[in-house]
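Hi,

Here is the structure I promised to pass on.

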Amino acid sequence: MDYQKRLRDLREDHDLTQSAIAAYLGTSQTMYARYERGASELPIRHLLRLADYYGVSTDYLLCRSDRP
């Protein structure tokens, strides 16, 4: 699994829209969609905020671990 799929799966599991996550990160929905598609790299500051938001480790978000 790649981290883009994990981002999408976590978002969908929490019944959230791309717009809601983008607003939390302080970016546009279009930019967040690019992160989920892999068209743009996820900045470290967003990686850290998402890990805190979902209550998971950064290793889990990056698919380096299957333990949240």
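**What I found**

The buried residues of helix α1 are covered by, among others, α2, α3 (29-37), α4 and α5 (58-61). The helices are DSSP runs (H or I, at least four residues; strands would be E, at least two), numbered from the N terminus.

Before going on: this is a predicted model, where local features need pLDDT of at least 70, side-chain atom pairs count only at pLDDT 80 or more, and totals for chains, interfaces and linings use all residues. Residues are numbered from 1 along each chain as its sequence is written, and side-chain values use heavy atoms, with hydrogens and water left out.

Back to α1. Its buried residues are Tyr3, Gln4, Arg6, Leu7, Leu10 and Arg11; buried means under 20% relative accessible area, exposed over 50%, and partly exposed in between (1.4 Å probe, protein chains only). Looking down the axis of α1, these buried residues fall within an arc of 165°, so they line one face of the helix. That arc is taken from the directions from the helix axis to the C-beta atoms. After α1 comes Asp15, which has a positive phi, near 55°.

Now, what does the side chain of Arg11 pair up with? Arg11 sits in α1, which spans residues 3-13, and has a relative accessible area of 8%, so it counts as buried. Its side chain makes a polar contact of 2.6 Å with the side chain of Glu36. (A polar contact is a pair of N or O atoms within 3.5 Å; within protein, one must be able to donate a hydrogen and the other to accept it, and residues adjacent in sequence count only if both atoms are side-chain atoms.) A polar atom of the Arg11 side chain also lies 3.0 Å from the backbone oxygen of Leu16.

Next, a helix pair: α2 (residues 18-25) packs against α4 (residues 44-54) at about 115°, with the axes 10 Å apart. Axes are lines fitted to C-alpha atoms, for helices over the stretch in contact, and angles run from 0 to 180 degrees between N-to-C directions. On the α2 side, the contact is made by Ile21, Tyr24 and Leu25; α4 brings His46, Arg49, Leu50, Tyr53 and Tyr54.

Cheers

How values were computed: Contact means heavy atoms within 4.5 Å.
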